[in-house]
Amino acid sequence: MYIYNVTINIEESVHDQWLAWMTETHIPDMLATGKFTAAKVCRVLVEEETGGLTYAIQYTTVDKKTLEKYYREDADRLRQESMKHFADKFVAFRTELEVINEQKIPFPAATEYLFAYGTLQDETTQISLFSRVLEGVKDYLSEYKVSNEKVAGLYPTIIRTGSEEDRISGLLFTVSGPDLLKADAYEGDGYHRKKVALASGINAWVYMSNSNKTQ
């Protein structure tokens, strides 16, 4: 695997316009060439003596041959687009990186849905519990509301009202079986896990107080 790294220093006067153009137009155009499998925008955390803001844009490609094909077929056209929009407002240099070794923390397959309305939405809680930040999407649980009674007098729970006017906003996460067991331990004896149908149509697990087990 190769990484095509483009380091760019952009003048502050056009920074916002440039960043929007990069993320909304230029990078999608790069990926549309079919030569790259992913792109990552990184801010370089350094104060430049000459001013401006510096970014490293990293495009992943499968091999050197594919990268050379990009140079032949697409590079001039896409670089001209950059010059047309920002001309003398930036300085860029390019580096090729060959990935020699890559190691990741293995995670079991994420096959379960979990709807969180409380502290499981917090990134600090997720890192402590799952060793990573979960990617969530907003969803709703209809005909429920947050109960006035709290578990152990401290922690929120929800109750079913049956009223279409009631709904709870939260985040829907895709997690693994082992993740759910960690969440079970985190929620403790005051809660039980129940499958519910969300507004999106997805059936997901949610934690409710043991005092509401009949719901």
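Reply: A polar contact is a pair of N or O atoms within 3.5 Å; within protein, one must be able to donate a hydrogen and the other to accept it, and residues adjacent in sequence count only if both atoms are side-chain atoms. The side chain of Thr 61 reaches the backbone oxygen of Lys 35 at 2.7 Å. The model is a predicted one, in which local features need pLDDT of at least 70 and side-chain atom pairs count only at pLDDT 80 or more, while totals for chains, interfaces and linings use all residues. Residues are numbered from 1 along each chain as its sequence is written, and side-chain values use heavy atoms, with hydrogens and water left out.

Me: Why does Thr 61 count as buried?

Reply: Buried means under 20% relative accessible area, exposed over 50%, and partly exposed in between, with a 1.4 Å probe and protein chains only. Thr 61 has 0% relative accessibility and therefore counts as buried. This residue belongs to strand β3 (residues 53–61). Leaving aside neighbours within four places in sequence, Thr 61 is in contact (heavy atoms within 4.5 Å) with Met 1, Tyr 2, Lys 35, Phe 36, Thr 66 and Leu 67.

Me: Why does Thr 7 count as buried?

Reply: Thr 7 is at 14% relative accessibility, and therefore it is classed as buried. Thr 7 lies in strand β1 (residues 2–10), and a polar contact of 3.0 Å joins its side chain to that of Asn 5.

Me: What makes α1 and α2 roughly antiparallel?

Reply: Angles under 35 degrees count as roughly parallel, over 145 as roughly antiparallel, 65 to 115 as roughly perpendicular and the rest as oblique. Helix α1 (residues 15–32) and helix α2 (residues 64–86) pack at an angle of about 160°, their axes 12 Å apart. The two helices are therefore roughly antiparallel to each other. Their contact involves Gln 17, Trp 18, Trp 21, His 26, Asp 29 and Met 30 of α1, together with Tyr 70, Leu 78, Glu 81, Ser 82, His 85 and Phe 86 of α2.

Me: Why are α3 and α4 called roughly perpendicular?

Reply: The axes of helix α3 (residues 123–130) and helix α4 (residues 177–187) cross at roughly 115° and come within 10 Å. Therefore α3 and α4 are roughly perpendicular to each other. On the α3 side the contact is made by Thr 125, Leu 129 and Phe 130, and on the α4 side by Asp 179, Lys 182, Ala 183 and Tyr 186.

Notes. Axes fitted to C-alpha atoms, helices over the stretch in contact; angles between N-to-C directions. Helix = DSSP H or I, 4+ residues; strand = E, 2+ residues; numbered from the N terminus.
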